[in-house]
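The following note sets out numbered points for a colleague who wishes to examine the model residue by residue. Please read it beside the coordinates.

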Amino acid sequence: MALRELKGEKLEQELVRLEGMKEYEKAHPDCEMICGLDEAGRGPLAGPVSAGAVILPKDCTILHLNDSKKLSPARRDALYDEIREKAVAWSVGIVTAEEIDALNILQATYEAMRRAVAGLGVTPDLFLNDALIVPGLPEDKQIKIIKGDAKSVSIAAASIMAKVTRDRMMEEYDRVWPAYGFAKHKGYGTKQHYEAIRENGLCPIHRKTFLKTIH
């Protein structure tokens, strides 16, 4: 199904909304390379945690850009392609379930973000992070923004890249382990997922530290 395009008053409203989401970027006019950082998949029982790092051009306008959780899958997919096309640089860092069990989820999230930054191929002047300060990145270049994926175009773009990448990985895992329903719940702790674990046990992408009572 084709996504509807905005026209007239709705287009004007969307452009105003997006300008509001550039507040943090515009507050640092001397920074050419502003990198948004966000993660996807901290809470699931299975699969990796992913992190997106995105540097957008200063004059970039991407309609509908928003917190990935507020968007439909079709909209996220369309924005994923547009961000790839328009970004100065983008990267997604992945940390596996096995690594999450070894590190803990917070440290694994930091590592995913560091891997995403390392994959950019350029050095950011500033990081806008969703609710975290990441050890191992220059602390004086990081700004932590609570609910940043709804407040910053850079973080919103990073959230979309992280979520789409992770969702697609979970859909691939569903083909390998179809009994668990990964394509539907993406590894989160739904009733269906818990029932599948009780019936089939754990598979290699389950986070054992999240499932101690079952494991």
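1. Burial and conventions. A residue is called buried under 20% relative accessible area, exposed over 50%, and partly exposed in between, computed with a 1.4 Å probe on protein chains only. The model is predicted, so local features require pLDDT of at least 70 and side-chain atom pairs pLDDT 80 or more, while totals for chains, interfaces and linings use all residues. Numbering runs from 1 along each chain as its sequence is written, and side-chain values rest on heavy atoms, with hydrogens and water left out. Helices (H or I, at least four residues) and strands (E, at least two) are DSSP runs numbered from the N terminus.

2. Tyr80 is buried at 7% relative accessibility, whereas Trp90 is partly exposed at 27%.

3. Charges over rings. The criterion here is NZ of Lys or CZ of Arg within 6 Å of the ring centre and within 35 degrees of the ring normal. The ring of Tyr80 has the charged end of Arg168 over it, 4.6 Å from the ring centre. Likewise, the charged end of Arg207 lies over the ring of Phe210, at 5.1 Å from the centre.

4. Nonpolar cores. A nonpolar core is a set of buried Ala, Val, Leu, Ile, Met, Phe, Trp, Tyr and Cys residues joined through side-chain atoms within 4.5 Å. In soluble globular proteins, nonpolar side chains tend to be buried together. The largest core has 21 residues, of which Cys35, Leu37, Val49 and Leu120 touch the most other members. Strand 1 (34-40), strand 2 (49-55), strand 3 and helix 5 (105-118) each give two or more residues to this core. Helix 5 is the greatest contributor, with seven residues. Another core, of 20 residues, lies apart from it and includes Leu56, Ile83, Ala87 and Ala157.

5. Leu37 and Ile155. With contact taken as heavy atoms within 4.5 Å, Leu37 touches residues including Met113, Val117, Phe127 and Ile155, leaving out those up to four places away in sequence. Ile155 belongs to helix 6 and is buried at 0% relative accessibility. Beyond its neighbours within four places in sequence, Ile155 contacts Gly36, Leu37 and Asp38, among others. By C-alpha positions, Ile155 and Leu63 are 15 Å apart in space and 92 residues apart in sequence.

6. His206. Where does His206 lie? His206 is in the segment after helix 8, and it is buried, with a relative accessible area of 1%. A polar contact is a pair of N or O atoms within 3.5 Å; within protein, one must be able to donate a hydrogen and the other to accept it, and residues adjacent in sequence count only if both atoms are side-chain atoms. The His206 side chain makes such a contact with the side chain of His193 at 3.0 Å.

7. Cysteines. How many disulfides does a search of the whole structure find? The result is zero, a disulfide being a pair of cysteine sulfur atoms within 2.5 Å. The closest cysteine sulfur to that of Cys31 is in Cys35, 12 Å away and too far for a bond. Both residues are buried, Cys31 at 15% and Cys35 at 0%.

8. Positive phi. Lys147 has phi near 55°, a positive value in a residue other than glycine. This residue lies in the loop between strand 5 (142-145) and helix 6 (153-176) and is exposed at 61%. Lys186 has phi near 60°, also positive, in the loop between helix 7 (182-185) and helix 8 (191-200). Lys186, however, is buried at 14% relative accessibility.
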